[in-house]
Amino acid sequence: MTFTVAKFGGTSVADYASMLRCAEIIQSNPSIRLVVVSACAGVTNRLVAIAAQQGMQVEKLLNEIYEIHFAIQKKLKNASQVQKSLEQLHHKLALHCQKTTEGRASWRDELLSFGERCSSLLFSSLLVEQGLRSSTLDARQLLKTNSDFGRAQPDEVTTKSHCLEQKQKLESGCVRVTQGFIGSDENNQTTTLGRGGSDYSAALLAAGFNATDLQIWTDVAGIYTTDPRICPSARAIAEMSFSEAAELATFGAKILHPSSLAPAIKNDIRVFIGNSQDALSGGTYISASPTSRPDVRAIALRRDQTLVTVHSLNMLHASGFLARLFEILARYNVSVDLVTTSEVSIALTLDEGGSAANGQALLPAAALEELEQFCRVEVETGLSLVAIIGNGIGRDAHISQLTFNTVNDYAVRLICQGASEHNLCFLVADNEGENVIRTLHDRILR
């Protein structure tokens with residue numbers, strides 16, 4: 001039997017009208033048994049601002065969040081029933097804002113959880129209003145994580161156990177609504193998976209419930225051959241493989257969180273990405289075995305890249321240099337993205353998602369100081385990464401030849417090809433990135 005998990009992003013549940021369109025999607029697909037929702041658009045940003053504010057500004061932000069939620073609640077036919085529960089949540093939120101913040105990371109995660117807790121209550125109530133049987137399910141009872149607040153890592157074994165236990169309790173025809181982005185640790189403290197983690201938590205829950213399908217509903221009709229805001233000739237991709245989608249997510253496709261596909265890939269769960277505001281406009285299916293595997297599927301752009309180049313004659317015919325270099329980077333939690341080497345130098349880009357997720361510098365001063373004790377270090381910023389995504393790229397000479405003939409007029413840095421047959425990457429100046437994307441797309445994919 002098909003078991004579908006549907007995730008709706010912040011713009012999809014932004015207001016009453018948007019939620020109503022999401023309800024229509026659920027009504028048209030009886031296989032949807034679990035719904036994962038983000039916070040209503042604008043709420044998480046205000047909660048993040050509250051975490052950094054004090055005094056009157058907090059009260060102003062709380063009032064703005066209140067207005068977003070109660071504008072939806074007032075349009076519900078069962079408004080009075082929902083109002084009490086919503087007011088209780090907002091009261092808890094206000095009290096939480098008044099607490100001391102000695103354990104600031106855990107306090108912040110609890111603060112940020114209120115967005116999803118409120119939107120799930122409102123959306124479940126709207127489903128009931130539309131004639132569906134629905135109730136909320138606290139994601140913190142399902143998704144178990146470690147205690148790395150702000151970027152918690154899931155415990156997939158325990159999560160699956162909790163999900164299967166709940167699955168046995170699911171009533172036929174009842175849609176349960178839960179929260180994206182949040183979970184809890186072994187002490188039942190609220191944790192978050194980090195910004196963009198709602199897709200990831202939806203995939204984790206889909207795997208936990210042994211779902212056959214995962215639908216991710218957002219504000220665009222699937223994944224495009226490149227960013228349509230940059231290149232007007234970009235077009236939606238009807239289908240693609242897990243490998244292609246994972247590469248796109250990693251190299252800059254904002255529609256997917258880079259980690260979100262891992263649980264789906266591992267459990268062979270088919271993923272669909274569609275536009276909740278226009279469900280009939282199509283979308284992108286992601287599966288293990290798409291019907292076509294073109295040489296080039298898409299082109300991605302990732303801005304604001306940092307390139308670090310280390311030089312040392314000690315590298316020449318010496319062992320242990322790379323181990324020493326990466327030991328220092330690992331000790332300072334510096335996450336490396338791409339790497340190329342020569343006889344006496346190593347060039348690498350730093351992964352913003354891994355290194356700066358906790359707010360630290362991409363390359364801390366202490367790490368730089370240690371590196372400079374045994375090698376010369378150059379740090380360059382203001383670069384953009386261009387990634388050609390496809391199939392068999394490392395084995396097909398014409399793709400790389402066509403790519404570099406096309407960008408012959410641009411200064412290309414750090415070319416990386418061969419580690420994966422699904423990508424060819426290189427760096428260009430930030431101010432040239434968009435032009436490179438348009439030129440490549442019109443030459444290769446138009």
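Predicted model: local features only at pLDDT ≥ 70, side-chain atom pairs only at ≥ 80, totals over all residues.
Residues are numbered from 1 along each chain as its sequence is written, and side-chain values use heavy atoms, with hydrogens and water left out.

**Stop 1**

Now select all of β3 (residues 133-136) along with β4, and you'll see them pair in the parallel sense over four bridges.

On to β2, which pairs with β4 in the parallel sense over four bridges; look for Leu-34, whose bridge partner in β4 is Arg-176. Which strands make up the whole open sheet, and in what order? There are eight, running β3-β4-β2-β1-β7-β9-β10-β8, with mixed pairing. β3 and β8 (239-241) are the edge strands, each pairing on one side only. Next, pick helix α8 (residues 242-250), which lies across β8, β9 (270-275) and β10 (283-287) and runs at about 90° to β8. Angles like this run from 0 to 180 degrees between N-to-C directions, using lines fitted to C-alpha atoms (for helices, over the stretch in contact).

**Stop 1: the core**

Select Phe-8, Val-35, Ile-50 and Phe-123: of the 48 residues in the largest nonpolar core, these touch the most other members. Such a core is a set of buried Ala, Val, Leu, Ile, Met, Phe, Trp, Tyr and Cys residues joined through side-chain atoms within 4.5 Å. Buried means under 20% relative accessible area, exposed over 50%, and partly exposed in between, with a 1.4 Å probe and protein chains only. α5 gives the most to this core, with 10 residues. Zoom in on Phe-123, and look for its contacts (heavy atoms within 4.5 Å): among them are Met-19, Ile-26 and Val-177.

**Stop 3**

Show α3 and α5, whose axes come within 10 Å and cross at roughly 10°. That makes α3 roughly parallel to α5; angles under 35 degrees count as roughly parallel, over 145 as roughly antiparallel, 65 to 115 as roughly perpendicular and the rest as oblique. Where they meet, you'll find His-69, Ile-72 and Gln-73 from α3 with Gly-115, Cys-118 and Leu-122 from α5.

Then click on Lys-77, in the loop between α3 and α4. Is Lys-77 buried or exposed? Lys-77 is exposed, with a relative accessible area of 74%.

**Stop 2: the six-stranded sheet**

Last, find the open sheet ordered β12-β13-β11-β14-β16-β15, with antiparallel pairing. β12 (336-341) and β15 (413-417) each have a single partner strand, so one side of each is left without a neighbour in the sheet. Between β15 and β16 (residues 423-429) there are three bridges; select Cys-416 and its bridge partner in β16, Cys-425. Finish with helix α13 (residues 397-406), lying across β11, β14 (376-390), β15 and β16 at about 15° to β16.

Definitions and conventions
Helix = DSSP H or I, 4+ residues; strand = E, 2+ residues; numbered from the N terminus. Pairing = 2+ DSSP bridges. Lists of a residue's contacts leave out its neighbours within four places in sequence.
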